[in-house]
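Please examine the sequence and the model shown below.

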Amino acid sequence: MESMDLARREAVGAKFSAEAMKRAQALTWDATGKIAAIIKPGMRESEAIAASKALLGTLGMDRIWHPVLIRFGENTLRTFSERSENDPVLGDDDIYFIDIGVVFGAHEGDCGFTRTTGTDPEMQRCADDAKRLFDIVHTHWRTEKVTGQALYEFAKAQAEALGWVLNLDIKGHRVSDFPHAIYKGGKLGDLADTPNGGLWILEIQIAHPTRAFGAFYEDLLV
């Protein structure tokens, strides 16, 4: 039986629609792919963000609901709430990630992924493993019906097994019809109940154990 606390944390507005959530997420993924296509070596982080905002403005969104986040190089180790260090230029053999939150049809989309610009095998493996780890953790939630807390404990162990350090300052969050913030769902990784699908973003941020870069991947639990 669903707890009263979970019901409160998973509250939605009168206009909420599961299908609209899926559509918003699909459109946000499409937008993220279009952003990745314009990010090139030689750009500064600030230039990439400005170009991304301009592009998003052409895609029929309602609004941006969280700041466009693009991190280059060492800044891939920083969390959402941390400011980037300086304004780095993306190198020819580098790593970066994109994280956007966009409202389409009054519902919040949120996704992020990591890309590389060169042939550094550790950077490529890190980018690939952020997605791989997301898939492992997502499947674990779907098959085992674990709590949010247990899900991130599992993610930490799986990250270590792959040779990475999981950043547990990033623990996922609610999405909904806009604005989800009024429901105060808290962090997915702090949830003592089993989260339901279509309402929570699973965030994975990993760091290389010895080199100054990491990778990020997030998507909707469905």
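How many aromatic pairs does the count come to? The count comes to 5 aromatic pairs, where rings of Phe, Tyr and Trp (its six-membered ring) pair if their centres lie within 6.5 Å; planes under 30 degrees apart count as stacked, over 60 as edge-to-face and the rest as tilted.

This is a predicted model, in which local features need pLDDT of at least 70 and side-chain atom pairs count only at pLDDT 80 or more, while totals for chains, interfaces and linings use all residues. Residues are numbered from 1 along each chain as its sequence is written, and side-chain values use heavy atoms, with hydrogens and water left out.

Two of the pairs are listed here.

| Pair | Centre distance | Plane angle | Class |
|---|---|---|---|
| Trp29 and Phe113 | 5.8 Å | 10° | stacked |
| Phe97 and Phe216 | 5.1 Å | 35° | tilted |

Phe97 and Phe216 are both buried, that is, under 20% relative accessible area with a 1.4 Å probe, protein chains only (exposed is over 50%, partly exposed in between). Ring pairs also join Trp29, Phe113, Phe134 and Tyr217 into a cluster.

The largest nonpolar core has 47 residues, of which Ile39, Ile98, Leu202, Ile204 and Ile206 touch the most other members. Such a core is a set of buried Ala, Val, Leu, Ile, Met, Phe, Trp, Tyr and Cys residues joined through side-chain atoms within 4.5 Å. Ile98 has contacts (heavy atoms within 4.5 Å) with residues including Ile39, Phe113 and Phe216, not counting residues up to four places away in sequence.
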